[in-house]
Amino acid sequence: MKLASLALVALLAAPLAQAQNPLALGKDLRTADPSGHVWPDGRMWLYTSHDEECQADFHMKDWVAFSSSDLVNWTNHGAVLSVRDLKWADDYAWAPDAAYKNGKYYLVFPAGNGIKDRQNPKNSTKWMGIGIAESDSPAGPFKDMIGAPLWRKPYANDPVLFVDDDGRAYLYSRTSGVNYLVAEMADDMRSLKGELQKMDMGGYEPPMEGPWVFKRGGLYYFTMPEHNRILTYYTATAPKGPWTYRGVIMDAEGGNNHHSIVQYQGQWVLFYHRWLDVPGAACARKQRHVAAEYLYFNEDGTIRKVERTQQGVGDFPRRTIPGTPAGVTK
């Protein structure tokens, strides 16, 4: 019997996977804003923000990396960068993203300082900018090579990096008062090539949080949490648009959401976070945890709506045949 057939028989004979939502990233570890990537080592890597236990108003201090070969068993690589490593910010370690180019790994991240006064906004001093750090390893540590944000004005957060097939890298972000922005990165990934540009979104521009951009079959996808909660998307035939709105990927659940979409071993996966009750936690309120679901496309390239499940991708080891070049699915 061929090796692939033997592997398939073994997988089918294995016991059913247990529920995997949220993902088993670590006991008593609160994670959010997952950025998923498959690097040359063939593993799935997740870069997440890290919620402090019972934190007040998203005062977060570092970014954490995880990796897996089966989406069930995860290795925690610890904090790959902290605001303590920055000269220009000391708080708000929010949603990161990552990229691989020039033989190096890049972490793009928002950070800031000051205080946001929600009762009296005029008293707020909060500021945030976008930084970029480098490493020779996907597990870090990452180093802030420019010692400053990519720009200081306008206030900005929620960056995402997309490296196209031709090696050109694009940074998408949102700023105070303006969303749907893009700029090409310089070849050394340490500055912008030109200014941020407002993209043509086809006339529909709802309030949004962190976008995610990917490419499939020559079609570009700009996905985002619309109104900070509902995952929706646009498509285009170029990385800067113009974009056409396509609809909902995942409904809201009661808190903000932040996501990434990536193909691994032949299967598309949606990583996102959920606000869940934590039995025995120090505070009696919902906290954020990273979760995952399978994602499917229609023949015309549109995305099928995704429902949240308890199992998530817990059966992923049974869906793929180890040792096949593209991770052939059942």
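Modeller: Happy to! For residue classes, Ala, Val, Leu, Ile, Met, Phe, Trp, Tyr, Cys and Pro count as nonpolar, Asp, Glu, Lys and Arg as charged, and the others, Gly among them, as polar. On that scheme, the lining of the largest pocket has 14 nonpolar, three polar and three charged residues. This is a predicted model, where local features need pLDDT of at least 70, side-chain atom pairs count only at pLDDT 80 or more, and totals for linings use all residues. Numbering runs from 1 along each chain, and side-chain values use heavy atoms, without hydrogens or water.

Colleague: What is a pocket, and which residues lie nearest the centre of the largest pocket?

Modeller: On a 1 Å grid over the protein atoms alone, a pocket is an open set of points where a 1.4 Å probe fits, with protein on both sides within 12 Å along at least five of seven lines; lining residues have an atom within 4 Å of a point. Here, His 37, Phe 162, Val 163, Phe 214 and Val 262 lie nearest the centre, out of 20 lining residues.

Colleague: How do the residues lining the second largest pocket divide by class?

Modeller: Into five nonpolar, five polar and nine charged. Among its 19 lining residues, Phe 58, Trp 94, Asn 157, Glu 209 and Asn 256 are nearest the centre.

Colleague: And how should I read contacts, say those of Leu 270?

Modeller: Contact means heavy atoms within 4.5 Å. Beyond its neighbours within four places in sequence, Leu 270 is in contact with residues including Leu 231, Ile 249, His 259, Leu 295 and Val 306.
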